[in-house]
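Work through the exercises below with the sequence and the structure side by side. Try each task before reading its solution.

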Amino acid sequence: MSTTVAEPRAWCVVVPHHARGAHVARHRLADELDTLVPAERLDDAVAIAAELVGNAVRHAAPLPGDVIRVAWRLLGDGTLEIRVTDGGSPAGPQMRVAGPDSLDGRGLTIVAALASGWGVERDGLGQCVWATL
């Protein structure tokens, strides 16, 4: 299966600022990209989206309407970018060191391990955490 597409494609879904939002985002992303990217890469993209949405639900305020926006685009060179936009948090996203018995604290470490890059953009309405594969 080729990882190069003829022209860029983009998708966006608005999900609830609730744990089920990650479920909706994972399934929508998987359905849309199923035939466009290799299975291993799709698995990584789904894991990244789930972690970013989960972090937004746990640590950030929602956008107006109590939602989070999840967008992804597949560029002509095969690069996949995932963006999760929320209402922001005072501290902003931070990688943490989680102990072996910790129940949480691994989300951004997982994202960093699976993605070729990630970062945070802020504007007057909130923040967007993005990752590329």
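## Exercise 1: A tryptophan and its core

Task: List what W72 touches, leaving out residues up to four places away in sequence.

Solution. W72 touches R9, A10, W11, V13, R28, L29, E32, L33, L80, E81 and I82. Contact here means heavy atoms within 4.5 Å.

A word on the source: this is a predicted model, where local features need pLDDT of at least 70 and side-chain atom pairs count only at pLDDT 80 or more, while totals for chains, interfaces and linings use all residues. Residues are numbered from 1 along each chain as its sequence is written, and side-chain values use heavy atoms, with hydrogens and water left out.

Task: Find which residues touch the most other members of the largest nonpolar core.

Solution. Start with the term. A nonpolar core is a set of buried Ala, Val, Leu, Ile, Met, Phe, Trp, Tyr and Cys residues joined through side-chain atoms within 4.5 Å. Buried means under 20% relative accessible area, exposed over 50%, and partly exposed in between (1.4 Å probe, protein chains only). The largest such core has 30 residues, and L29, L33, V70, W72 and I82 touch the most other members. Next, see where the core comes from. At least two residues each come from β1 (9–16), α1, α2, β2 (67–74), β3 (80–86), α3 and β5 (126–132). The most come from α2, which gives eight. In soluble globular proteins, nonpolar side chains tend to be buried together.

## Exercise 2: The chain as a whole

Task: State how many helices and strands the protein chain has, and give their order.

Solution. Helices (H or I, at least four residues) and strands (E, at least two) are DSSP runs, numbered from the N terminus. The protein chain has three helices and five strands. Read from the N terminus, the order is β-α-α-β-β-α-β-β. Of the 133 residues, 41% are buried. Among contacts between residues at least 6 apart in sequence, 65% join residues at least 24 apart.

## Exercise 3: Two helix pairs

Task: Describe how α1 packs with α2.

Solution. Two packed helices are described by the angle between their axes and the distance between the axes. Axes are lines fitted to C-alpha atoms, for helices over the stretch in contact, and angles run from 0 to 180 degrees between N-to-C directions. Helix α1 covers residues 19–33 and helix α2 residues 39–59; their axes come within 9 Å and cross at roughly 155 degrees. That makes α1 roughly antiparallel to α2. (Under 35 degrees counts as roughly parallel, over 145 as roughly antiparallel, 65 to 115 as roughly perpendicular and the rest as oblique.) Then take the residues. A19, G21, A22, A25, R26, L29, A30 and L33 in α1 meet L42, A45, V46, A49, A50, V53 and V57 in α2. By class, this contact has 13 nonpolar, one polar and one charged residues. Ala, Val, Leu, Ile, Met, Phe, Trp, Tyr, Cys and Pro count as nonpolar, Asp, Glu, Lys and Arg as charged, and the others, Gly among them, as polar.

## Exercise 4: Single positions

Task: Decide whether G92 is buried or exposed.

Solution. G92 lies in the loop between β3 and α3. Its relative accessibility is 11%, so G92 counts as buried. Leaving aside neighbours within four places in sequence, G92 contacts R122 and Q127.

Task: Locate A61 and list its contacts.

Solution. A61 is in the loop between α2 and β2. With a relative accessible area of 34%, A61 is partly exposed. Beyond neighbours within four places in sequence, A61 contacts H17, D86, G87 and G88.

Solution. Most residues other than glycine have a negative phi, and most peptide bonds are trans. D66 sits in the loop between α2 and β2.
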